[in-house]
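Colleague: Before we look at the details, please show me the sequence and the model.

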Amino acid sequence: MLRLAWRWSTSKNSRVEPARLVTAAILRVDSSQQNSEGNKRCFRQIPHPPSDKSPFHHPQPACYLSKQRLNCNYICVSSPTVFMSMASGGEGPSSAPHKHTNRLAKERSPYLLQHAHNPVDWYPWGQDAFDKAKNEDKPIFLSVGYSTCHWCHVMERESFEDEEIGRILSENFVCIKVDREERPDVDKVYMTFVQATSGGGGWPMSVWLTPDLRPFIGGTYFPPRDHGRRPGLKTVLTRITEQWQNNRPALESTGERILEALKKGTTIAANPGESPPLATDVANRCFQQLVHSYEEEYGGFREAPKFPTPVNLMFLMSYWSVNRSTSEGVEALQMALHTLRMMALGGIHDHVAQGFHRYSTDSSWHVPHFEKMLYDQAQLAVAYITASQVSGEQRFAEVAEDILRYVSRDLSDKSGGFYSAEDADSFAASGGQEKREGAFCVWTASEVRELLQDVVEGTTGPLADIFMHHYGIKEQGNVAPEQDPHRELQGQNVLIVRYSVELTAAHFGISVEKVSELLASARAKMAEVRKSRPRPHLDTKMLASWNGLMLSAYARVGAVLGDKALLERAVQAGNFLKEHLWDAEKQIILRSCYRGEQMEVQQISPPIAGFLDDYAFIICGLLDLYEAALQTDWLQWAEELQLQQDMLFWDDQGGGYFCSDPTDNTVLLQLKEDQDGAEPSANSVSASNLLRLSHFTGRQEWLQRSQKLLTAFSDRLTRVPIALPEMVRTLMAQHYTIKQIVICGQRDAPDTTSLLAAVNSVFLPHKVLMLIDRDEGFLCQRLPVLSSMLQQGGVATAYICQDFTCSLPVTDPQELRRLLLDGTTEMQTE
């Protein structure tokens, strides 16, 4: 039925042996018995990380890592404690005075502030905590999560609010709380350890360290008390304390062996004399691996849960662009477009208030995990506007605009920055002391009937009948029990488009135009009702990397649509990054900034220096902003940032970039991210940035650096390219050669605008776009050949250059579009 609604044309591997014997010895629990109990669970979605017999890896992480996906679970186990609602994080309906306040109250991270009133002597990650651990010779308890993580909230409420557990933690450990979005470097190191020693991982992540920060035991979520053969956090803490006192050498030596094995097992480097793998072979293998995991009925990759995976969709559209005449190319395009259509129709798409939720718990994109993340909005906006270019279908562009409308309204700071996320849970409009999954977003049939009572002219019933038919609303609710283990969605409806507008119009005997108008009016009324409901928690932390992704989205959508308002918003975002997340004195990017109580932008002291993804995503955003606004200041700043990134993170010996500063001795593993997951890896984005910049600036060393980076990842690209679809796109771009499209003309003149519109109407994954105005100096200085390119007959003129040859000048926009589409041009030597 869902397919009728849109009538369009057609791991991370464990690198060391899990340390289960040590774990079992500490807990004194039989592993085989524990596994039997541990597998008793029910999720809001079915798949789960690899089962693990270690009693330290419980099968109920809030957000788990499974191969290429970040998943968030809602799990039922026999213990009644799991059914408690998420912690309020200071946003409860009452304002009772706090019994406890710890030093996290001085932090700015929303996640750390959610733990500021625990009876735990929390420290933020930093030297004070490290010194205390060494001076008192205590092990460290490291807890990592993020502010919109459901099971992080559960563990906070169940365990960290527990007075007895708080006392045990504070007396026997130095307790450190980390926001993984603030400190991805810390998160990556210890998540690598947890995955390697347990076969899976997730958040909240719980790791025990020696005073010199070496991990020896790790897991995810722990309930407060034992249940059956499942140890609770109190038991875990007591036994680790005993082992630390009585068996410390064994703990330390085991942790040391694991860490050394991880250092060897996570090394990514190019061998001398190697070259990148053959692009066509890698791309074909990546395509075949995606075909193997593709779900044909509703699109997407795997049965459930389903994630948007924009990196996969962008690869498929790029693959089609160079294989248009083959059956494989046609299939790749069909997979991408069908997935994007089904997602737009599904409940993962917020039909009332726009934007996309984190993922779908079922195969039909119906019932989502209601969290909304900035990085999803950014990448999906780009994927949808790209789909509009390749298909010519207006609906894709409308969805891209829809996403940006949500971000502008709900995730935007007045300074020009973008907030990180909205939570999945909120208080029900009817009241109550507990937050519930999706309360802000779902509807009962009676609510819809009461709101949409007006009788529609030409029919015998109210508007509610049309709306409920179109969006699959049922009197008893449309969420199946197996999708709602906590019974939080009983009687509720998640809007999902069940019929096309044409079919709905035919069913009620009215025009298509009338149905479209009625549905839009109904959604607007429902949006007004939403405004009166208690809002979910908003994480107002502004991250450099995610703001870079969002900069790309506004720039690219604005350029394709020729929308000046979107382009102005992109420029505002670029200015925000330079004003608030760039330390001009030290010449470094800063990781994050925060919204203050007076809506001002605040920074912590000392600020967190930026990581590789901050530089890579901002540089990509600046290159996209230059191609959209064609102001060379942005290109110049991108060049400066790339030079700084090279100095801070490049591995001169092995090639590729380290994720964090390799001179930071508190980060025990120097990792190079080798997976494009919920976000593209910074190395994948950097490979593309280097290639693009080499064509903008003429710096051949950046082309060579891009090639060395790809060579460093050769093994991963060759064996499992599905893990790095974004990097495969850059490998393809090098193989098929970048086109330099040069427009000579006055910036805002109509003839120039027409040529730019022709370029932006076409999906060209392997191109750079440049404007040569009479006042242009930056580009001509770096690429002297541009000075010889002139307007013909006093009108704006385009040149298409590739492999050191350029096309004959083109002044007609339609001719330019034809040349770009079919790729055939008469060329002349430069």
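Colleague: What covers the buried residues of α29?

Modeller: Helix α29 (residues 813-822) has Leu816, Leu819 and Leu820 buried, where buried means under 20% relative accessible area, exposed over 50% and partly exposed in between, with a 1.4 Å probe and protein chains only. Seen down the axis, these residues fall within an arc of 95°, so they line one face of α29; the arc is that of the directions from the helix axis to the C-beta atoms. With contact taken as heavy atoms within 4.5 Å, the cover includes β23 (739-744), α27 (750-760) and β25 (797-802).

Colleague: Which pLDDT do side-chain atom pairs need here?

Modeller: Residues are numbered from 1 along each chain as its sequence is written, and side-chain values use heavy atoms, without hydrogens and water. This is a predicted model in which totals for chains, interfaces and linings use all residues, local features need pLDDT of at least 70, and side-chain atom pairs count only at pLDDT 80 or more.

Colleague: How many helices and strands are in the protein chain, and what share of its residues is buried?

Modeller: The elements are DSSP runs, numbered from the N terminus: H or I of at least four residues for helices, E of at least two for strands. On that basis the chain has 29 helices and 27 strands. Of its 830 residues, the buried share is 63%.

Colleague: Which residue in the turn between β9 and β10 has a positive phi?

Modeller: Strands pair if DSSP finds at least two bridges between them; β9 (residues 205-209) and β10 run antiparallel with 4 bridges, including the one from Trp208 to Ile217. Strand β10 (residues 215-219) is mostly covered, with 5 of its 5 residues buried. The two strands form a hairpin with 5 residues between them, and the positive phi, about 75°, belongs to Leu213.

Colleague: Are the rings of Phe141 and Trp208 stacked, edge-to-face or tilted?

Modeller: Rings of Phe, Tyr and Trp (its six-membered ring) pair if their centres lie within 6.5 Å; planes under 30 degrees apart are stacked, over 60 edge-to-face, and the rest tilted. The whole structure has 23 aromatic pairs. In this one the centres are 5.1 Å apart and the planes are at 40°, so the pair is tilted.

Colleague: How many residues apart are Phe141 and Trp208, and which residues are in the cluster of ring pairs?

Modeller: Phe141 lies in strand β6 (residues 140-145) and Trp208 in strand β9, 67 residues apart. Both residues are buried. Ring pairs link them into a cluster whose members are Trp122, Phe141, Phe160, Trp208 and Phe222.

Colleague: Is Asp185 buried or exposed?

Modeller: Asp185 is found in helix α7 (residues 184-198). Leaving aside neighbours within four places in sequence, Asp185 is in contact with Phe611, Ser660, Asp664 and Val667. Its relative accessibility is 5%, so Asp185 counts as buried.

Colleague: What separates the C-alpha atoms of Arg747 and Asp773?

Modeller: Arg747 is in the loop between β23 and α27 and, at 29% relative accessibility, counts as partly exposed. Beyond four places in sequence, its contacts include Ala629, Leu771 and Asp773. Asp773 is 26 residues away along the chain, and the C-alpha separation is 6.5 Å.
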